[in-house]
Amino acid sequence: MTDLQIAKNNLSGHTICLCKNGNCIYSDKRGIAPMINFIGRGDDLSGYSVADTVVGKAAALLFVKCGIKSVFAKTLSEYGKSVLERYGIKFEYVILTERIINREGTDVCPMEKAVMNTDDPQAAYEILKNKLTELNSHRR
């Protein structure tokens, strides 16, 4: 069984599952928070396969930054698909959508908006880290 298949099989009950050589890392946090946390901790995710519930441009750029080799998304945006294709990351999805919508269903996801004008994975990480901090400070 491939790492991507193992990640897919273990996604149930989680928002994201990363797998390499049968070793799995999970998170139940929503959005891009898990990837921001993994990167911030300095986790080496190079060569991992990822199963994620929602993948847009923001998540795809973080996957590129980390050296992810393959991705399964329950929902994948056109922008996310474009990033994965550009960087040669193998991917599978269930639903392909034009864009990722915010949790209220009223507008484009704020993380997607934040990276709309960049295609640089490192710049995207910095932008997203700052945006996540900003949004979390408003929720307190």
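This report walks through the sheet of a predicted model and the helices packed around it.

## The sheet

Let's start with the strands. Five of them line up in the order E2-E1-E3-E4-E5, forming an open sheet with mixed pairing. At the edges you'll find E2 (23–27) and E5 (90–97); each has a single partner strand, so one side of each has no neighbour in the sheet. If you ignore direction, neighbouring strands here are turned by 10° against each other on average.

What holds strands side by side in general? Strands of a sheet pair through backbone hydrogen bonds, and the pairing can be parallel or antiparallel.

## Strand E1 and its partners

Now zoom in on E1 (residues 16–20). With E3 (residues 49–55), E1 pairs in the antiparallel sense, over 4 bridges. E1 also pairs with E2 in the antiparallel sense, this time over 5 bridges.

Which residue is its bridge partner in E3? That is Ser-49. Over in E2, Cys-24 stands opposite Cys-19. E1 and E2 make a hairpin with 2 residues between the strands, and in this hairpin Asn-21 takes a positive phi near 50°.

Next up is H2 (33–41). Its buried residues include Ala-33, Pro-34, Met-35, Ile-36, Phe-38 and Ile-39.

After H2 comes Gly-42, which has a positive phi near 85°. The loop between H2 and E3 also holds Asp-44. Is Asp-44 buried or exposed? Its relative accessibility is 60%, so Asp-44 counts as exposed; the cut-off for that label is over 50%. Asp-44 and Ala-7 are 37 residues apart along the chain, and their C-alpha atoms are separated by 17 Å.

H3 (residues 57–66) touches quite a few elements. On the sheet, H3 lies across E1, E3 and E4 (70–77), and runs at about 165° to E3.

H3 also packs with H4 (residues 78–86), at an angle of about 20° and with the axes 7 Å apart. Angles under 35 degrees count as roughly parallel, and H3 and H4 are therefore roughly parallel to each other. Their crossing is right-handed. To find the contact, look for Lys-57, Ala-60, Leu-61 and Val-64 of H3, along with Tyr-79, Gly-80, Val-83 and Leu-84 of H4. Sorted by class, the contact of H3 with H4 has 6 nonpolar residues, 1 polar and 1 charged.

## Helix H3 meets H6

The other helix to check is H6 (residues 121–138), whose axis comes within 8 Å of the H3 axis and crosses at roughly 125°. H3 and H6 are therefore oblique to each other, and their crossing is left-handed.

Which residues make this contact? From H3 there are Ala-58, Leu-61, Leu-62, Val-64 and Lys-65, and from H6 there are Pro-121, Gln-122, Ala-124, Tyr-125 and Leu-128. These residues divide into 8 nonpolar, 1 polar and 1 charged. Keep an eye on Leu-61 and Val-64 of H3: they take part in the contact with H4, and they also take part in the contact with H6.

Notes:
Residues numbered from 1 in each chain as written. Predicted model: local features only at pLDDT ≥ 70, side-chain atom pairs only at ≥ 80, totals over all residues. Heavy atoms only, no water. Axes fitted to C-alpha atoms, helices over the stretch in contact; angles between N-to-C directions. Parallel < 35°, antiparallel > 145°, perpendicular 65-115°, else oblique. Left-handed = near helix turned anticlockwise from the far one by under 90°. Contact = heavy atoms within 4.5 Å. Nonpolar A, V, L, I, M, F, W, Y, C, P; charged D, E, K, R; others polar. Pairing = 2+ DSSP bridges. Buried < 20%, exposed > 50% of the residue type's maximum accessible area, 1.4 Å probe, protein only.
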